[in-house]
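Trainee: I would like to take a close look at a single part of this model, and I would be glad of one connected answer.

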Amino acid sequence: MKDIIIKITGTSGQGIISSGDILSYATARKGYYVTTYRAFPSEIRGDGKCYYTLRISEHKALTATGETDILVCLDTDTIFEGIGKIKKGGVLIYDSNLSIENPPKRDDIVIYSLPLGDIAKETGSERSRNMVALGIVVALLNNLHLEEQILKDIELRYKAKAKEVIETNKNALNAGVKYTKETLIRTDKYSEVNMQSSGAKLIMSGNEAIGLAAITAGCRFFSGYPITPATEIMEWLARELPKFGGKMIQCEDEIAAINYALGASYGGVKSMTATSGPGFSLMQEAIGLASMAELPVVIADVQRCGPSTGVPTKTEQSDLFAAMYGTHGDCPKIVLAPMNVADCFYQTINAFNFAEQYQVPVIVLSDASLGPRRECVDLIDIENLKIVNRQKPDLKEGKIYNRYEDTKSGISPISAPGDKYGEHVITGLEHTEENAPTPAPEVHRQMTEKRFRKLETAAGEFSKAKTYGDEDASIGIISWGSTSGAVFEAIDKAKENGIKVQALYPRTLYPLPTNWIKDFVKNKEIIIVIEANYNAQFKSTIVERCTHINRGTEVLEFLKYDGTPFTPEEIYEEIEKVSKLKDDRYTLSTNKHTHF
Amino acid sequence: MEISEYKGRVKPSWCPGCGNHAVLTALKKSMAGLNYETHNTAIVSGIGCSSRFPFFMSTYGFHSIHGRALPVAIGLKQARPEINVIAVGGDGDGLSIGGNHFIHAGRKNPNITYIMMDNEIYALTKGQCSPTSRIGTTTKCNPYAWTADRINPVLMALSFNASYVARGYSGDIKQLEEIITGGLKHKGFSFIHVVSPCVQYNKVSSFEKIKELVRNLPENHNREDRINAMQYAFSPDGLYTGVFYQTQRPTYEERYQEVIAKAKQIAGDNCTIQDVMKQFK
């Protein structure tokens with residue numbers, strides 16, 4: 001076996017996330033691929049359930065979804081929730097100390113009801129049940145040889161805490177391993193799990209990847225306000241930025257956060273903020289200011305279910321309209337959507353480069369399934385990354401510097417306080433090239449065109465859209481952001497079953513690269529636009545902006561808005577359905593489809 | 001520096017007789033006295049009549065959005081601590097829409113000066129009540145009766161622990177220059193409340209009326225006594241001007257230097273991206 005899914009579940013406060021994190025670090029550090037999915041309630045403790053899914057594989061896996069191989073349950077409820085989703089021949093581990101009226105039963109799986117609490121108590125603390133369970137998992141997967149590495153990772157995770165904490169956790173883990181080896185009568189087959197290590201790789205979350213990219217791109221100023229699920233970005237930068245002389249400043253609200261960043265950017269320092277839906281709404285006016293005053297700034301929006309407070313811990317892709325059109329007025333900006341954790345890094349590098357080069361706000365759309373998700377990333381070649389800095393004017397005594405000089409590209413060189421002879425006033429009011437405010441009709445027209453011209457210039461620079469699957473497929477999927485893992489896996493499965501599908505991920509969503517879509521759609525009979533929102537936000541954008549494209553192509557939507565990410569299975573089912581309908585001379589009675 | 005060197009590209013657009021002209025003159029005088037260089041100085045504002053200020057100066061300037069002068073100014077100062085940063089604005093901008101930022105500026109103590117020109121009215125939108133409008137002010141927005149109490153900016157600044165709190169009056173440029181100079185020299189968040197009458201939309205708080213109310217703080221007022229300063233700010237028998245309070249405590253920038261020093265203690269002076277990357281390996 002070279003690909004397994006482990007799920008650790010329980011109530012928040014039981015250390016589900018810690019044990020999942022430790023296991024994912026250890027497997028990655030042993031050189032295996034791991035990708036994860038975390039779901040937890042917003043309350044730190046209480047009745048909320050926590051779920052941590054890891055998929056460990058020899059080759060890179062794209063999602064952590066599918067049937068469970070090993071399910072570890074630290075509470076009663078999650079046993080009955082999860083037992084049905086265990087693979088035939090899989091394992092259920094739960095605490096025999098839990099008082100359960102009707103113990104779980106399934107004939108086609110192995111059930112280990114073990115005294116996790118007692119074992120933990122013997123080693124010092126009943127609270128270390130999570131580590132005992134982890135020890136059992138590690139021992140079941142004996143041919144992955146994770147023991148030594150996982151002890152190192154326990155030390156790393158708790159290094160800031162008291163020595164006893166580390167010892168208690170290590171003892172509990174060892175006790176779990178010992179119990180499995182010496183006492184447990186094994187009837188499962190997970191000794192067969194055996195994978196080749198594929199060497200050094202990185203493991204990080206989507207939020208950490210955004211933080212790392214910011215520092216790499218030269219960002220030295222971050223201002224933010226805590227909000228789930230984006231807080232991890234500011235926490236990570238709070239720790240790392242000062243090491244580079246940079247600053248992370250916690251503000252009184254999101255309005256302050258973005259305006260701090262704009263002040264810092266005016267000072268010539270690369271700046272960013274990160275937030276989620278409610279904070280993103282509050283930032284809209286200042287995003288317009290950045291657009292009008294032509295100030296570089298990067299905003300990461302780690303989307304969650306909306307509107308309003310919505311479901312803070314669950315995922316959705318429903319801020320696309322807000323990102324593209326949320327600000328009043330004609331507001332040039334750039335919106336990017338990373339597809340996975342590695343792409344969070346590369347798109348954030350792009351975001352800073354675009355912001356600096358084109359002097360526009362750049363929005364990076366992540367989401368609650370991508371931000372906290374930890375997965376393996378191939379080594380990053382830092383030295384060969386292209387890093388762009390804003391264009392400086394040629395300043396001389398007696399030479400008048402006009403901040404908003406109307407150039408061919410639309411880009412005007414930009415000075416910063418401290419630069420002699422570069423003094424200028426920037427403003428959110430419409431202004432002349434000489435930065436004087438004016439209501440003159442010809443100036444507003446000219447300067448609006450100047451600001452949008454930058455986007456035309458930028459369009460040539462966007463990194464290529466990602467395609468996946470067979471080019472000659474007649475079924476196409478157009479999607480964006482974190483859905484990519486599930487979509488690509490579904491395409492693989494479809495191929496195995498004789499259905500050819502090709503996917504397109506533009507990654508740059510605004511300005512919309514219509515040419516890419518045009519090229520992609522050329523030979524497609526049916527397009528399915530897949531996204532996690534009710535309004536089909538990307539589909540309506542494509543349909544609206546690409547009416548000139550291939551009128552024969554049928555454009556369908558496949559939407560999800562329950563807060564959970566897409567799974568490859570449900571996308572495959574949709575592909576299958578669509579392909580059958582196509583064969584039946586495709587006719588749909590629903591109104592959920594559109595022609596170009 | 002000569003005062004004339006601070007003249008901006010745009011001619012002041014305020015009404016003739018507006019109190020803000022005096023503030024512009026006083027600030028230029030203070031800056032000239034302290035030899036502030038135009039390229040090392042930035043004036044930051046929000047929206048309102050007084051917020052047009054940066055256009056009338058030859059320094060760097062950022063005319064931002066309504067209520068946000070302080071966050072922009074503090075952000076700039078944190079990114080570039082060596083630049084002289086002065087935030088300016090009105091009572092509506094700083095006490096109403098931007099009120100929250102005022103609280104936290106006091107708490108953080110960034111080394112910037114904030115000059116609030118208080119005309120007790122929204123003038124750019126042609127006369128509506130502001131948070132400092134007096135009893136009896138009627139406008140098109142409250143044509144029948146006056147409906148809310150006014151707030152006291154000096155008392156607020158004192159309670160927010162601003163480290164320099166002063167009040168001036170547009171009718172006295174000499175005193176205004178003194179307290180602005182004191183504010184610019186002060187290390188920390190200096191708040192200068194300027195009663196700056198509007199000649200167009202506020203008949204209740206006219207120059208004549210304010211002149212009757214204004215009196216200097218006593219010569220022997222102890223600037224370090226915050227409670228006493230609050231009593232003068234509260235005083236019903238007039239509008240005191242002068243420096244209410246001044247204290248020294250570490251600025252936000254200084255405190256952040258400690259953060260950087262601690263981080264560098266852990267990471268070393270020459271931390272590289274590769275070093276940071278290790279945590280992911």
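In chain B, what share of the contacts between residues at least 6 apart in sequence join residues at least 24 apart?

Mentor: Bear in mind throughout that this is a predicted model. Of the chain B contacts between residues at least 6 apart in sequence, 71% join residues that are at least 24 apart. The C-alpha trace of chain B, followed along its principal axes, spans about 70 × 45 × 40 Å, and buried residues account for 50% of the 281 residues in the chain.

For chain A, the description goes by domains, namely domain 1 (3-196), domain 2 (204-384), domain 3 (391-463) and domain 4 (466-595). Taken over C-alpha atoms, the centres of domain 2 and domain 4 of chain A are separated by 27 Å, and the contact between this pair takes 23 residues from domain 2 and 20 residues from domain 4. On the domain 2 side of that contact, α11 (320-325), β12 (334-336) and β13 (361-367) of chain A each supply at least two residues, and the residues of this side divide into 13 nonpolar, 6 polar and 4 charged.

Note on methods. Residues numbered from 1 in each chain as written. Chains lettered and ligands numbered in written order. Predicted model: local features only at pLDDT ≥ 70, side-chain atom pairs only at ≥ 80, totals over all residues. Buried ≥ 20, exposed ≤ 12 C-beta atoms within 10 Å, placed from the backbone. Contact = placed C-beta atoms within 7 Å. Domains from an automatic or database assignment. Helix = DSSP H or I, 4+ residues; strand = E, 2+ residues; numbered from the N terminus. Nonpolar A, V, L, I, M, F, W, Y, C, P; charged D, E, K, R; others polar.
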